[in-house]
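The points are grouped by topic after the display.

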Amino acid sequence: MNRRTAFLTTLAVTTALTLTACGSEEPDAPAKGSGKETVPTALASSAPASDGRPAVELPSDLSYTFDWPKTGDKEKDAVLADSEQFIKAVDQAIVNQNALDKAYLYYYEGEAAATTEKFVQNYVDHKAGITGSYRFYAPEVSVDKDGTASFSYCEDQGKAYVKYLETDKIEETEVTAKSYVSYHTSLRRDEGKGVWVIQEIVSQSGSEKCRP
């Protein structure tokens, strides 16, 4: 199963932040197929703390590709850069099994932060982590003069999986239309921090525009 699967199914019904991917599976339902691997201790993906931002460090069994080139516009490029960090920061919280990990809380506020806490806590409750490769593409960003922005993008979750920490069991399923997810985020420029923070994020699994 892909990393965001049923862990968000119950949350998606009641919240605006719906990072669902694989749809209707229940959290405790047996998955199709499995594998095992030793969790590496080396860190493959990291961003050092700078300008007051918390460091984001991820294990080497996670890899990311961001196919969204710079636009040449300073603010738009800042949205793209901060978006990379908030994506990784949420995954760090899952890896750390910490629903209040300070890195993602730096980039989320209000209801978005509260819902992300529930999202991460669901992984913690199931003693589950994530592994695999993630690709993000098809960015569309706009910045308004009032200090707000909108950012839409796609994610390919075809090689991203849930990993159960007590057994190192990795749940795998075949790639389907639901492996391709579209996201739309609403952001606000936090002048005190100097970053774009998430106010709302919604998603659609099986998005036609994100399919290859």
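In this predicted model, a salt bridge joins the side chains of R135 and D67, with an N to O distance of 3.3 Å. R135 belongs to strand β5 (residues 128-143) and D67 to strand β4 (residues 62-67), so this pair ties together parts that are 68 residues apart in sequence. The structure holds seven salt bridges in total.

**The R135–D67 pair**

- R135 has a relative accessibility of 29% and therefore counts as partly exposed.
- D67 is likewise classed as partly exposed, its relative accessible area being 36%.

- The side chains of E109 and R188 form a salt bridge at 2.7 Å, N to O.
- Because E109 lies in the loop between α3 (102-105) and α4 while R188 lies in strand β8 (residues 180-190), the pair links parts that are 79 residues apart in sequence.
- E109 is partly exposed, with a relative accessible area of 24%.
- R188, at 27% relative accessibility, also counts as partly exposed.

**Helix α4**

- Helix α4 comprises 16 residues (residues 110-125), so at 1.5 Å a residue it should span 22 Å; the C-alpha atoms at its ends are 23 Å apart, which agrees.
- The buried residues of α4 include A112, A113, T115 and T116.
- Further along α4, F119, V120, N122 and Y123 are buried as well.
- An α-helix has 3.6 residues a turn, so residues three or four places apart point the same way.
- Just after α4, K127 adopts a positive phi of about 50°.

- I87 is located in helix α2 (residues 74-96).
- With a relative accessibility of 5%, I87 counts as buried.
- Leaving aside neighbours within four places in sequence, I87 is in contact with F66, W68, F136 and Y153.

Note on methods
Residues are numbered from 1 along each chain as its sequence is written. This is a predicted model: local features need pLDDT of at least 70, side-chain atom pairs count only at pLDDT 80 or more; totals for chains, interfaces and linings use all residues. Side-chain values use heavy atoms; hydrogens and water are left out. Helices (H or I, at least four residues) and strands (E, at least two) are DSSP runs, numbered from the N terminus. The expected span of a helix is 1.5 Å times one less than its number of residues. Buried means under 20% relative accessible area, exposed over 50%, partly exposed in between (1.4 Å probe, protein chains only). Contact means heavy atoms within 4.5 Å. A salt bridge is a side-chain nitrogen of Lys or Arg within 4 Å of a carboxyl oxygen of Asp or Glu.
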